[in-house]
Amino acid sequence: MGKERIIGIGMDYSATSKIALKWAIDNLIEEGDTIIIIHVVSSKVEPTSKQLFEDTGSPLIPLDEFKQINVSKYYGLNPDKEVIDMLEPVAKHKKVTVVSKVYWGDAREKLCDAAESLKLDALVIGGRGLGVLKRVLLGSVSNYVVQNATCPVTVVKTSPQK
């Protein structure tokens, strides 16, 4: 076991972000690490908590609190049982600390902000596998984060969309 690390995982509850979480659990996370599940909510969502934490993001939310429906809703999220079911065993068996943090705004910028402010040792995000044309038209969160984050970034790809 090496130095305890802080690993960020971008989570929007999409299939690609769940695949990235599973990859991180299976291939990266070691005993004693801290996992920070980073949620970026559209700035159009207006939960009460956004007014308090818009600039810095929410406080770190322990897994036991985050899985409570009222806590997630307070931050404008709908918790996903599949994600909780992946995180609970890793927390228990690998003795990993799991917390969540919620940001509001543009995912590209907020993931990079999180990498810097949370002093992440690594960031894992899902890649949607956009084709070249869609990536040019829609922009790529993963490309931006890889180029601008202050820590190593792993993009877990899914099969390309046509």
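Predicted model: local features only at pLDDT ≥ 70, side-chain atom pairs only at ≥ 80, totals over all residues.
Helix 1 spans residues 15-27 and has 13 residues. From its first C-alpha to its last it reaches 18 Å, close to the 18 Å expected at 1.5 Å a residue. Its buried residues are Thr 16, Ser 17, Lys 18, Ala 20, Leu 21, Ala 24 and Ile 25. An α-helix has 3.6 residues a turn, so residues three or four places apart point the same way. Both strands and a helix take part in covering the buried residues of helix 1. The strands include strand 1 (6-10), strand 2 (34-41), strand 5 (122-127) and strand 6 (153-157). Helix 5 (81-93) also contributes to this cover.

A helix-helix contact was examined next. Helix 6 (residues 107-117) packs against helix 8 (residues 141-148) at an angle of about 30°. The two axes lie 9 Å apart. The crossing of helix 6 and helix 8 is right-handed. Helix 6 contributes Ala 107, Arg 108, Glu 109, Leu 111 and Cys 112 to the contact. Helix 8 supplies Val 141, Tyr 144, Val 145 and Asn 148. By class, the residues of this contact comprise six nonpolar, one polar and two charged.

Strand 2, part of the cover of helix 1, also holds His 39. The relative accessible area of His 39 is 1%, under the 20% limit, so the residue is buried. Beyond residues up to four places away in sequence, His 39 touches Met 11, Tyr 13, Phe 66 and Leu 77, among others. Its contacts also include Ser 100, Lys 101, Val 102 and Tyr 103.

Pro 59 lies in the loop between helix 2 (48-53) and strand 3 (61-62). With 38% relative accessibility, Pro 59 is partly exposed. Neighbours within four places in sequence aside, Pro 59 is in contact with Phe 53, Tyr 75, Ser 100 and Lys 101. Ser 100 and Lys 101 are also among the residues touched by His 39. The C-alpha atoms of Pro 59 and Val 99 are separated by 9.6 Å, although the two residues are 40 residues apart along the chain.

Tyr 75, a contact of Pro 59, also belongs to an aromatic pair. A search of the whole structure finds one such pair. The rings of Tyr 74 and Tyr 75 have centres 4.9 Å apart. Their planes stand at 85°, over the 60 degrees required, so the pair is edge-to-face. Tyr 74 is partly exposed, with a relative accessible area of 34%. Tyr 75, in contrast, is buried at 8%.

Notes: Residues numbered from 1 in each chain as written. Heavy atoms only, no water. Helix = DSSP H or I, 4+ residues; strand = E, 2+ residues; numbered from the N terminus. Expected span 1.5 Å × (residues − 1). Buried < 20%, exposed > 50% of the residue type's maximum accessible area, 1.4 Å probe, protein only. Contact = heavy atoms within 4.5 Å. Axes fitted to C-alpha atoms, helices over the stretch in contact; angles between N-to-C directions. Left-handed = near helix turned anticlockwise from the far one by under 90°. Nonpolar A, V, L, I, M, F, W, Y, C, P; charged D, E, K, R; others polar. Phe/Tyr/Trp six-rings, centres within 6.5 Å; stacked < 30°, edge-to-face > 60°.
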